[in-house]
Amino acid sequence: MSIVKEGKPYPRGAHFDGKGTNFALFSDHASKVILCLFDQQGSTEIERIQLKECTNGVWHGYVEGIKPGQLYGYRVEGTWDPANGLRFNANKLLLDPYARKLSGNIQWDDALYGYTISDDTDADLNMDDRDSAKFMPKAIVVAPDVLVKSSKPDIRWPKTIIYEAHVRGLTMQHPLIANDIRGTFAALSDSAIISHLQRIGVTAIELMPIHAFTQDRYLLEKNLANYWGYNTLAYFAPEPAYLGSGGLEEIAKTVDALHDAGIEIILDVVYNHTCEGNHLGPTLSWKGIDNLSYYKELPGNPRYYDNLTGCGNALNTSHPKVMQMIMDSLRLWASVYGIDGFRFDLALTLGRNENGFNRDHALFHAMLQDPILTRCKLIAEPWDVGPGGFQLGSFPPGFSEWNGDYRDVTREFWTGREGMLSQFASRFAASSDLFNEQHRRPWSSVNFITAHDGFTLHDLVSYNEKHNEANGEDNQDGANDNRSWNCGHEGETDDEEILALRAQQKRNFLTTLFLSQGIPMLLAGDELNNSQQGNNNTYCQDNPQGWIDWSNSDDSLIDLVGQLAALRKSHGAISRAEFVTGKLNEHGNSDVAWFNVNGEPMTNEQWSDPNNKAMMVKFVPPIKSECAVLVMINASHVTVPAQLPYCETYDWSLLLDTPLKPIPDQQGKDINLESRSIYVYEGKLIAEQHPPAAQDKAKDQTKN
């Protein structure tokens, strides 16, 4: 029999002090909390300990002799009244929301549900009395934190280049990575991965969810799997499948290796909902611990959840203890594991209260004032499926946002749609119409053309329609509005003309992305010609269709990305810290100037002409001695006669072109912009000339 003392209500979770472990669990509506200890296999419950102390809703106790490695869970007693949002059932073993490491996986069984499953429409009201312990993963008491050793790269926002990747998908098929570490954190720190990231010049890798998540029952029954991981089971524990033999320290070592290579790590985090689904979902943790506190119930009908996320439930981020859980989780990953930033999935839900989305939500203020998190990069996905569920540009200063409008407009522009020039120019210039208020900066816009959700770049130029048959949903899942163009043939082809056009369109998209004001985000594998065979929703494809294919890589495309990244880093005209305004500076140059193909300033008529698909833009750097950048764009299907704009300040030289057909550098000369092309020029400042009188005076002084 263990010796139990009062313990402390904070910190929550299980904390070993060298002699014993303090356990603390929040439940405002429970009548009793029981700590359950298990053997090392997690199969036998060896002791139950009642936590008798409750301080401000936190049940706590200190158990002497409990060491790291101990497996545990909870049973929580209280009222069973689902119609009023109370779902306590002590027959169900519950995972500690603050669990730092997990043992075992969910073994799906009807006993995991708090109610007795049946065809009855009121089945969820009937309590199930079967014990779920043998089907549940267990939490593990861990040793005191092992901090990362490296210094954070601390890349400035203007110079940031993001690479969205999946721990497993990025590494499973890399030919130079050892088989025993593929798909794990250790593989991310392999020299083969790091050298590739350095070659393409990215400064941050944004990892899709690494928090422990569930394998959905309905997917397993179809011989599929939850691949993406947007179904969180534990916010403080890593996904066990991503841990190799190194344990939790493996994460710290991986972060150290990436930091030493000058690469930051951003985590995609899912605090908007949990894996417990709707009122018919399983009882695994929060639902059985304190359903009314943790979740948003449907107003006036707490039996049901307010499904703002499309995933069955939504966390009640307005509750102080739920907000504390999220903040504690973020601080753990930032301070213990050295994570540099977070991308918040369906971030609109995080800021919702009873009146809808509130940009001044307390959770946002808590993040922005926190001494640890305020130094992290914070990126919001500015939508969910609730009312008013698209709020691009509405997050408070301090947050950057995934710019879905940039993706849509850029895709439509390069497919040749008419009337897109003005919208394209706005997105190309960091979408100041959306973000330039309250002193926000260009990096508020995270620009992307492809992401994990949707077509890869290769598929974007190869398919007009989605092909999701492998998902087992009759091709009904995934987005229908892809704004893609297959260049004349659906899917793969041997037609050299189509292949050449597709390759050029890829170069156009990548060049556009890297030269746009704002922050570029590249989808991992786009530089490798990676294809998902037209599947735009590979959330359940934990197999070669979802993984990156390294065998189809093209050195020329990889080198182009590296060249574009280097150009962006070295040219302040592109990676600006301020929005461009078009106003003249003291040298007679504006920070941005837009020209027609004749090298003359664009007119209102030309901006509004639906048939106009070509233009030029000149970006002048904030530092006079740096080079300007001129970008010539032609999205039409025909060659367009053009002239470089006359400029007596800069001497222009061609840096790169997407049709791979260089054109002359001379100003005032007739040139041809190839169809569907971009030409990028660098402008070096011409030395200032002395006026004639000054030159004569200088000569006289030389003679004397």
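Visitor: Which strands does H15 lie across?
Guide: H15 lies across S31 and S33, and runs at about 150° to S31. Helices (H or I, at least four residues) and strands (E, at least two) are DSSP runs, numbered from the N terminus. Contact here means heavy atoms within 4.5 Å.

Visitor: And what sort of model is this?
Guide: A predicted one: local features need pLDDT of at least 70, side-chain atom pairs count only at pLDDT 80 or more, and totals for chains, interfaces and linings use all residues. Numbering starts from 1 along each chain as its sequence is written, and side-chain values use heavy atoms, without hydrogens and water.

Visitor: OK, at what angle do H3 and H15 cross?
Guide: Roughly 60°, with the axes of H3 (residues 191-200) and H15 (residues 555-570) coming within 7 Å. Axes are lines fitted to C-alpha atoms, for helices over the stretch in contact, and angles run from 0 to 180 degrees between N-to-C directions.

Visitor: Which residues of H3 meet H15?
Guide: His-196, Arg-199 and Ile-200. Among their partners in H15 are Asp-555, Ile-558 and Ala-565.

Visitor: Switching topic: what's the strand order in the sheet?
Guide: S27-S28-S29-S33-S31, an open sheet of five strands with antiparallel pairing. Two strands pair if DSSP finds at least two bridges between them. S27 (592-595) and S31 (650-657) are the edges, each pairing on one side only.

Visitor: How many bridges join S27 and S28?
Guide: Four, in the antiparallel sense, with S28 covering residues 614-619.

Visitor: What stands opposite Trp-594?
Guide: That's Val-617 in S28.
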